[in-house]
Amino acid sequence: MSEFFDPYNADRPLMLKCSCGRDHTVAEHQAEEAVQRASDQAARTLRERSETAEFEAYSNEFIEATLVKAIFPHDEQRRRFLRAVGKGTAMAAIASVVPVASLQAMAQEKGALEKTNLKVGFIPITCATPLIMAHPLGFYSKQGLNVEVTKTAGWALVRDKMINKEYDASHFLSPMPLAISLGLGSNAVPMNVATVQNINGQAITLALKHKDNRDPKNWKGFKFGIPFDYSMHNFLLRYYLAENGLNPDTDVQLRVIPPAEMVANLRAGNIDGFLGPDPFNQRAVFDEVGFIHVLTKDLWNGHPCCAFGTSTEFIQKNPNTFAALYRSVLTAAAMARQPKNRELIAKVIAPSQYLNQPEAVLNQVLTGRFADGLGKIQNVPERADFDPMPWQSMAVWMLTQMQRWGYIKGDVDYKGIAEKVFLITDARKYMKELGQDFKAGPAYEKHTIMGKVFDPAKPADYLKSFAIKKV
């Protein structure tokens with residue numbers, strides 16, 4: 001009897017609902033429990049894998065390789081340095097430098113944590129996979145942290161909660177810390193990107209009625225959903241439309257829609273399509289209301305989407321706590337990068353407290369084997385990946401697009417802003433002590449977006465090269 005209404009339970013009111021107190025059917029309750037059991041079992045399996053000597057070695061090497069890559073963005077620099085000073089000296093030098101600007105949080109031994117109870121926000125999308133999975137897999141607790149990962153309704157709310165210090169750290173859209181630091185759309189509060197949460201992992205999804213209208217030159221008058229103004233989704237969609245001759249400010253309508261509402265708006269006919277985060281592109285296919293027109297990987301392979309970050313003030317006041325958070329998220333990213341773990345990760349993040357999505361949808365996104373809504377099964381292993389490096393060149397590109405579309409007025413100190421917000425390292429000054437000065441060499445990666453090379457050393461020239469822009 002208690003499975004249904006439980007009328008003789010003195011500890012809860014009698015409601016004609018499921019005995020758990022929620023307004024859903026017993027079948028729905030049982031389905032949720034089945035999802036949770038699968039999630040718990042997958043988490044146990046992944047925890048066991050994370051505790052093996054093999055994964056510990058892999059994770060440590062992954063973190064170290066990430067830091068070395070930060071110091072030497074171009075491999076020839078790394079090799080030249082190693083040949084000059086030898087492996088032992090190089091390892092000692094690198095061990096003494098920092099991966100997070102001048103704070104030296106990761107370089108120090110695990111010091112006493114300034115704060116152990118933390119609240120970390122996230123939007124329920126696959127971009128947040130490392131930040132989310134670090135919780136059920138125990139990566140936070142292994143660093144001595146008691147982290148509450150808190151599902152948040154939209155990006156403006158994430159911004160406000162970070163500014164108001166209701167969250168200690170958060171899942172961000174990677175342009176958001178730049179915008180918040182500059183006071184765009186909010187009060188200016190210095191924020192930092194510690195790691196990129198994911199690369200690729202987005203798509204342009206269109207309503208089924210447009211199956212025979214795949215040429216974007218014919219999309220004048222379309223209405224598109226984007227999750228936030230300061231998002232890679234907005235900037236990539238604008239870029240794509242402009243490269244096809246459409247002005248995104250006059251030829252189409254761009255509407256800010258929370259990711260979780262995109263599929264419903266597509267179904268209702270309120271929008272013709274969206275450039276949004278997964279799993280909602282795949283969910284549109286799953287619900288038979290849309291198809292995947294193009295993966296953003298095909299526009300810019302390796303582009304950043306979401307990031308993990310916090311306020312500059314939090315890092316300054318809590319460097320050891322921040323280092324512990326950093327290690328936790330990087331360990332999760334190391335596990336998420338391994339293809340053999342993706343199916344289990346889909347189970348771990350599927351339940352309602354995390355993404356609340358069908359496991360089949362998440363599995364398609366994370367493994368890259370997916371139905372495209374056009375009758376084909378695609379196999380794109382790089383559809384989503386989890387490279388944590390916050391390249392400052394990526395930040396410079398975002399700033400050029402903010403300026404291109406009028407979000408930033410006037411001159412921009414591209415390099416200064418990028419290096420202040422996207423934390424990689426100022427380790428080169430330590431290398432001087434060994435007689436190695438790489439400042440004369442290139443320090444930023446070049447990127448290719450839709451066939452056009454972006455040189456972060458020449459952002460102003462890049463901006464001038466566009467025929468369609470606001471400025």
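Helix α16 covers residues 392-404, and its 13 residues reach 18 Å from first C-alpha to last, close to the 18 Å expected at 1.5 Å a residue (that is, 1.5 Å times one less than the number of residues). Keep in mind that this is a predicted model, where local features need pLDDT of at least 70, side-chain atom pairs count only at pLDDT 80 or more, and totals for chains, interfaces and linings use all residues. Numbering starts from 1 along each chain as its sequence is written, and side-chain values use heavy atoms, leaving out hydrogens and water.

**Around α16**
- As for cover, 13 of the 13 residues in α16 are buried (under 20% relative accessible area, with a 1.4 Å probe and protein chains only).
- Just past α16, G406 has a positive phi of about 85°.

**The sheet**
- Five strands make an open sheet with mixed pairing, in the order β2-β1-β3-β11-β4 (strands pair if DSSP finds at least two bridges between them).
- β2 (146-151) and β4 (191-196) sit at the edges with a single partner strand each, so one side of each has no neighbour in the sheet.
- From one strand to the next, the twist averages 30°.
- β1 (residues 117-122) and β3 (residues 169-173) run parallel and share two bridges; G121 has S170 in β3 as its bridge partner.

**Confidence**
- The chain's average pLDDT (the predictor's confidence in each residue, from 0 to 100) is 86, and 85% of the residues score at least 70.
- Residues 98-109 fall below 50, yet this stretch has 38 contacts in the model beyond near neighbours in sequence (heavy atoms within 4.5 Å).
- Residues 438-443 are also below 50, with ten such contacts.

Note on methods
Helices (H or I, at least four residues) and strands (E, at least two) are DSSP runs, numbered from the N terminus. Buried means under 20% relative accessible area, exposed over 50%, partly exposed in between (1.4 Å probe, protein chains only). Axes are lines fitted to C-alpha atoms, for helices over the stretch in contact, and angles run from 0 to 180 degrees between N-to-C directions.
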